[in-house]
Amino acid sequence: MKILITGATGKVGKAFLAAFLDNQRYSSAKVVALCHNRRIETSERVEVIAGSLSSPDAVAHAMDGVTHVLHMAAVKESPDLVIDVAIKGMFLLLEAARQSPSLKQFVLIGGDCSVGHIFKEYPAPITETSPRQAYSGCYALTKVLEEVMIEQYQIQYGLNGTVLRAPWIMEKDDFKYALSFGSDQFGGPIWSDLISAEKAARLAEGNFVPLMRDRTCAPLKRNFVHVDDLVAALMAALDHPAAMQELFNISMNEPVDYAQVADYLVRTRDMEPVEIPTPFHSNWLDNTKARQALGWRPQVDFEEMIERAWAYERSPSDPRKIWYPG
């Protein structure tokens, strides 16, 4: 087994690599990481190839002798990069994969951007057969196009592709700072888009938790998955017969309910909820197919995610990233 990983320096890539190399089932497997701006450490089992996904030569070099591809590399709201990296890169990987004499499986990590996240309304839980609806922006567009491209390569060439569609991926203290009103807020929505800057600044000085409400005024329900559960799903999907040419939603069993989060933090951290009306939709990413077909079960519910986030202590060598998708 020789697995090519793109996006190996990201949160999922690093977590997967650690789990994969530590798993006795894959003790003889080799890893090739195609890295561009950032690098991972090499070892007897890990080779790093420097290059861009938009380079045919770099992709061809990286794909040599590969049996499995795990494609996770992505660009966010970068219109100047999105075609070359996200679309051309995906095309080059798929072209090399379908012509490869050694390839057994191509795994893509997709995102719930392809089904609109909290920006598009669905009348029922979102399954793998629900229509794709990207929200505004080039990043969400690429998530739709990636799913369609691998689907078409399965139809056109019989490629053994597997898509794991994940919502917002949490690790370490991400969830704690996703709820922060301060300048250290992780992700979005940016509070200044929903409340005044003055109110956000005042809330940042206290012990407040946002209780967002959707456009019907009900507590917002939003989909998350912990990185450990996504890695477990990846491990389960590798060479699984039921994963062949299939798409799976990989999420918590239920979306996170912001009223339940607020209630839990009131009880356990003496925080004070703040009602925040939003224009967003409550959606439910249904993971039934993955649980039934792959035998996978998410282990981290919203209470465990909170406890892990509040217990995590960052070292000086592990700075927090402030990120918003645009």
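**View 1. An open sheet of 7 strands, in the order S3-S2-S1-S4-S5-S6-S11, is paired in the parallel sense.** The model is predicted: local features need pLDDT of at least 70, side-chain atom pairs count only at pLDDT 80 or more, and totals for chains, interfaces and linings use all residues. Residues are numbered from 1 along each chain as its sequence is written, and side-chain values use heavy atoms, with hydrogens and water left out. Strands (E, at least two residues) and helices (H or I, at least four) are DSSP runs numbered from the N terminus; two strands pair if DSSP finds at least two bridges between them. Strand S3 (46-50) and strand S11 (246-249) each have a single partner strand, so one side of each is left without a neighbour in the sheet. From one strand to the next the twist averages 20 degrees. Strand S1 (residues 2-6) pairs with strand S2 (residues 30-35) in the parallel sense over 5 bridges, and Val31 in S2 is the bridge partner of Ile3.

**View 2. Helices H3 and H7 against the sheet.** H3 packs on the sheet and touches S1, S4 and S5, its direction making about 160 degrees with that of S5. Helix H7 (residues 227-237) lies across S4, S5 and strand S6 (161-166), and runs at about 165 degrees to S6. Angles run from 0 to 180 degrees between N-to-C directions, and axes are lines fitted to C-alpha atoms, for helices over the stretch in contact. Contact means heavy atoms within 4.5 Å.

**View 3. Strand S5 (residues 105-111) and its pairing with strand S4 (residues 68-71).** S5 is mostly covered, with 7 of its 7 residues buried; buried means under 20% relative accessible area, exposed over 50% and partly exposed in between (1.4 Å probe, protein chains only). In a regular strand the side chains alternate between the two faces of the sheet. Gln105, Val107, Ile109 and Gly111 point one way from S5, while Phe106, Leu108 and Gly110 point the other way. S4 and S5 pair in the parallel sense over 4 bridges, with His68 bridged to Gln105 in S5.

View 4. Leaving aside neighbours within four places in sequence, His71 is in contact with Thr6, Leu53, Met90, Leu93, Phe106, Val107, Leu108, Ile109 and Glu146.

**View 5. Helix H2 (residues 56-63) crossing helix H3 (residues 79-99).** The two axes come within 10 Å and cross at roughly 40 degrees. That angle makes H2 oblique to H3, because angles under 35 degrees count as roughly parallel, over 145 as roughly antiparallel, 65 to 115 as roughly perpendicular and the rest as oblique. The crossing of H2 past H3 is right-handed, meaning that the near helix is turned clockwise from the far one by less than a right angle. Pro56, Val59 and Met63 of H2 meet Leu92, Leu93, Ala96 and Ala97 of H3.

**View 6. Strand S8 (residues 208-213) beside strand S13 (residues 272-277).** S8 is mostly covered, 5 of its 6 residues being buried. S8 and S13 pair in the parallel sense over 6 bridges, and Val209 stands opposite Pro273 in S13.

**View 7. Gly188 in the loop between helix H5 (174-178) and helix H6 (197-204).** Gly188 counts as buried at 6% relative accessibility. Gly188 and Ala309 are 121 residues apart in sequence and 17 Å apart in space, C-alpha to C-alpha.
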